[in-house]
Amino acid sequence: MSKIIVGNLKMNLLTLAERERYLESFKKELKGRKIDDSQIIICSPSVHAESFVKKLKTKKIALGAQNLFWEERGSYTGEISATMLKNLGLEYVIIGHSERRKYFKETSLDANLKIKAALKANLAPIYCVGETHHEREEGVAAQVITQQILEGFADISSVKASSVIVAYEPVWAVGSDQIPKSDEILEVRILLRKIFAEIYGLQTADKIKVLYGGSVKAVSANQVCLEPGMDGVLVGRESLVPNEFLKIVEILDKNI
Ligand code: PGA
């Protein structure tokens, strides 16, 4: 089964020169590799989106944003709408990332509005859920994730829901070099399938792709994705190094 590998570049590539170097290096690293049927999605900072679309977009590489605002237009200083992103040529958008929840106090109800706005504009949302270290210690991870899903998917039809990608990103694993065991990831995968089956029925539950995110590296790609049967991964730091990122793609593409 083909995998989805998302690169989240976060707030990096500060200068035009740095951006160009990244794009050149990505294309160069791509050349020597044979990627069969994986879908690569690079979520660059929005200021670079147009250039990424022009220089990197191919059948295998789609592009996305890291956030959006749910209103379409108007007096919302500093915000970017789904229609604006779609018009640049983007196809995906990350929503509800733990860093947005932490630094911008975003809730799953905010995420719900954003998911709906993305779907309306024909952008596929990549909705991030996951428990904090404290919630894990307290033994309430499953409840937390369930609530994030129920709120995030509120009033979304089963047809629309099947184009949402969910990324399970334990907050304690993001940026920390700690990762869960593969059976812990599998447990969450099973939990998500159960929740989706209850809301939408099994057919839709089977269509909703679930990724793992948090300190993914080439050496751990097997443990966090192939062993627990995930549909792919969301990669932060390693996506800034095209060579390392494409190693992850290759491992998942070839199932090795
Ligand atoms: P990381 O980030 O791979 O650097 O842990 C993952 C993420 O935030 O999506």
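Which residues surround the ligand? I will answer that, and then turn to the fold. Please keep in mind that this is a predicted model.

The shell around the ligand is made up of N8, K10, H97, E169, A173, V174, G175, G214, S215, L234, G236 and R237. Sorted by class, that shell has six polar, three nonpolar and three charged residues.

Now some individual distances. Take K10: a polar atom of its side chain lies 2.7 Å from a ligand oxygen. For H97, an N or O atom in the side chain is 2.7 Å from an oxygen atom of the ligand. With G236 the backbone is involved: one of its polar backbone atoms is 2.9 Å from an oxygen atom of the ligand. As for how exposed the ligand is, taken alone it exposes 280 Å², and the protein buries 98% of that.

Next, the fold. How many strands close into the barrel? There are eight, in the order β1-β2-β3-β4-β5-β6-β7-β8, and the pairing is parallel. On average, neighbouring strands of this sheet are turned by 25° against each other, with direction ignored.

Let me show one pairing in detail. Strand β1, residues 4-8, runs parallel to strand β8, residues 232-235, and four bridges join the two. Within that pair, I4 of β1 stands opposite G232 in β8.

Most residues other than glycine have a negative phi. K10 is not a glycine, yet its phi is positive, about 55°. You will find K10 in the loop between β1 and α1, where α1 covers residues 16-31. S215 is not a glycine either, and it has a positive phi of about 55°. S215 sits in the loop between β7, residues 210-213, and α11, residues 221-226.

Key:
Residues are numbered from 1 along each chain as its sequence is written. This is a predicted model: local features need pLDDT of at least 70, side-chain atom pairs count only at pLDDT 80 or more; totals for chains, interfaces and linings use all residues. Side-chain values use heavy atoms; hydrogens and water are left out. A residue is near a molecule or strand if one of its heavy atoms lies within 4 Å of it. A polar contact is a pair of N or O atoms within 3.5 Å; within protein, one must be able to donate a hydrogen and the other to accept it, and residues adjacent in sequence count only if both atoms are side-chain atoms. Accessible areas come from the Shrake-Rupley method with a 1.4 Å probe; for residues, only the protein chains shown count as cover. Ala, Val, Leu, Ile, Met, Phe, Trp, Tyr, Cys and Pro count as nonpolar, Asp, Glu, Lys and Arg as charged, and the others, Gly among them, as polar. Two strands pair if DSSP finds at least two bridges between them. Axes are lines fitted to C-alpha atoms, for helices over the stretch in contact, and angles run from 0 to 180 degrees between N-to-C directions.
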